[in-house]
Amino acid sequence: MFPVGDFHVHTHFCPHGSNDRMEEYVKNAISRGMKFLSFTEHAPLPNVFDDPAPNKDSAMRLEDIDAYFKEGNRLKEAYKDTITIKVGFEVDYLLGFEAETERFLHTYGADIEDAILSVHMLQAPNGEYVCLDFSPDEFGRIIRLFGSIDHVYETYYQTLRQAIEADLGKWKPVRIGHLTLIEKFSKLFKAARTFNDVIEEILTLIAAKQYSLDVNTAGYFKEYCGVTYPTATVMRQANNKNIPLIFGSDSHTAGHVGKGLEQIPKDLPLALPKAYDEKGN
Ligand SMILES: [Zn+2]
Ligand SMILES: [Zn+2]
């Protein structure tokens with residue numbers, strides 16, 4: 001299952017994460033035999049976008065960016081003989097805020113070494129934005145806002161399509177985050193139909209763009225989900241379309257680095273993000 005790396009971890013700069021220091025993530029990665037680690041903190045939301053999460057804690061603060069890069073770069077240097085570290089972001093795709101997102105990427109693009117593009121926020125039929133992975137209660141409210149759970153799913157996958165197709169400039173992340181995050185509370189809220197056909201179409205789109213897929217094990221450990229994002233079946237479909245599969249634990253605590261790697265079928269090849277060359281530099 002080469003490569004041994006975790007390419008989706010958060011830090012204490014994330015307000016909904018833990019206070020674990022970035023160095024603890026690095027130490028845990030090393031102690032688990034990892035050779036690569038990508039810090040992908042939630043990029044700051046545009047200041048004209050009001051964080052729809054009830055705790056307004058979705059992303060790191062813009063004023064922390066310098067400190068984030070500084071610490072990441074310090075660790076990169078300090079541990080370079082043992083592990084290759086990249087510092088970047090998990091960037092939100094926000095429908096209607098493409099220009100602001102492009103501006104952010106343009107400002108920091110040259111410093112971003114690895115990045116993921118994810119959909120956590122949807123626009124409801126009444127125009128309001130919602131954060132889909134906040135809590136079961138909030139997800140229940142979102143379903144009422146949309147009128148039906150299937151409408152929430154349809155909008156999620158539609159937004160994902162728009163994310164893949166959006167022009168966010170030359171620094172647009174080329175890895176799609178947790179493809180099936182919408183399943184986070186699926187043991188509580190079941191869609192009436194499956195979305196396999198829609199997922200298949202989205203994989204085709206990802207393949208055509210030559211993007212890669214964050215194979216994200218966080219969902220497996222979520223109480224109301226119990227499967228990876230996406231499932232092993234979908235990972236196989238993606239692999240059949242030659243989409244690179246890039247492992248991410250989506251850790252928000254240092255102890256979770258590499259967590260769930262064993263949930264990815266052993267016969268599926270895991271890829272290194274493009275940011276790393278074959279020697280891992
Ligand atoms: Zn997070
Ligand atoms: Zn995410």
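Q: Is Phe 7 buried or exposed?
A: Buried means under 20% relative accessible area, exposed over 50%, and partly exposed in between, with a 1.4 Å probe and protein chains only. Phe 7 is buried here, at a relative accessible area of 1%. Keep in mind that this is a predicted model, where local features need pLDDT of at least 70, side-chain atom pairs count only at pLDDT 80 or more, and totals for chains, interfaces and linings use all residues. Residues are numbered from 1 along each chain as its sequence is written, chains are lettered from A and ligands numbered from 1 in the order in which they are written, and side-chain values use heavy atoms, with hydrogens and water left out.

Q: What kind of aromatic pair do Phe 7 and Tyr 276 form?
A: A pair of aromatic rings is described by the distance of the centres and the angle of the planes. Rings of Phe, Tyr and Trp (its six-membered ring) pair if their centres lie within 6.5 Å; planes under 30 degrees apart count as stacked, over 60 as edge-to-face and the rest as tilted. Phe 7 and Tyr 276 are edge-to-face, with 5.3 Å centre to centre and 80° between the planes. Tyr 276 is buried too, at 4%.

Q: Which residues coordinate the zinc ion (ligand 2)?
A: Donors are N, O and S atoms within 2.8 Å of the metal (3.2 Å for Na, K and Ca); water is not among the atoms, so sites may look incomplete. Here you'll find Glu 90 (OE), His 120 (NE2) and His 178 (NE2), at 2.1 to 2.2 Å. The zinc ion (ligand 1) is 5.3 Å from the zinc ion (ligand 2).
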